Amino acid sequence: MAEQESNRTEAVNPIARALNSMLEQKAARPQDVYRLAIIVEGLLDSLDDPDALKTIRAELRQLINDLSSSMT
């Protein structure tokens, strides 16, 4: 259990830094960074769950659509 938590922490730390950097640089809206963080967390928690990965993929597609429509 401790090893699994350590591996998850190693995977999350660079992602957390990247998301924080996006906020600091105002490279994305806070609500979009939040949505992305939730999706990434779900991804890390669900790597062995095909149904969860389908849901995450759908959420990512929706975020991409929302972001692309806000860029135009």
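This is a predicted model: local features need pLDDT of at least 70, side-chain atom pairs count only at pLDDT 80 or more; totals for chains, interfaces and linings use all residues.
**Exercise 1.** Describe how many helices and strands the protein has, and what share of its residues is buried.

*Solution.* Begin with the elements: the protein has three helices and zero strands, and read from the N terminus the order is α-α-α. Next, turn to burial, where a residue is called buried when its relative accessible area is under 20%; buried residues make up 14% of the 72 residues in the protein. Finally, consider the surface, of which the protein exposes about 5600 Å², with carbon and sulfur atoms supplying 56% of it.

**Exercise 2.** Locate Asp32 and work out which residues it touches, leaving aside those up to four places away in sequence.

*Solution.* First place the residue: Asp32 is found in helix 2. Setting aside residues up to four places away in sequence, Asp32 touches Leu63 and Leu67.

**Exercise 3.** Trace the salt bridges of the structure and find which residues they join into one network.

*Solution.* A search of the whole structure finds three salt bridges, and they can be taken in turn. Side chains of opposite charge can pair when their charged atoms come close.

- Step one: Arg29, which is partly exposed at 37% relative accessibility, forms a salt bridge with Asp32, the closest N and O atoms being 2.7 Å apart.
- Step two: Arg35 also forms a salt bridge with Asp32, here with the closest N and O atoms 3.8 Å apart; these two residues are three residues apart in helix 2, so about one helical turn separates them.
- Step three: the side chains of Asp66 and Arg35 meet in a salt bridge at 2.9 Å, N to O. Because Asp66 lies in helix 3 (residues 50–71) and Arg35 in helix 2, this pair ties together parts that are 31 residues apart in sequence.

Through shared partners, the salt bridges join Arg29, Asp32, Arg35 and Asp66 into one network.

**Exercise 4.** Where does Lys26 lie, and is this residue buried or exposed?

*Solution.* Start with the position: Lys26 lies in the loop between helix 1 (2–24) and helix 2 (30–45). Its relative accessibility is 72%, so Lys26 counts as exposed, the cut-off being over 50%. Last, look at the backbone: most residues other than glycine have a negative phi, whereas phi of Lys26 is near 55 degrees, a positive value.

Definitions and conventions. Residues are numbered from 1 along each chain as its sequence is written. Side-chain values use heavy atoms; hydrogens and water are left out. Buried means under 20% relative accessible area, exposed over 50%, partly exposed in between (1.4 Å probe, protein chains only). Contact means heavy atoms within 4.5 Å. Accessible areas come from the Shrake-Rupley method with a 1.4 Å probe; for residues, only the protein chains shown count as cover. A salt bridge is a side-chain nitrogen of Lys or Arg within 4 Å of a carboxyl oxygen of Asp or Glu.
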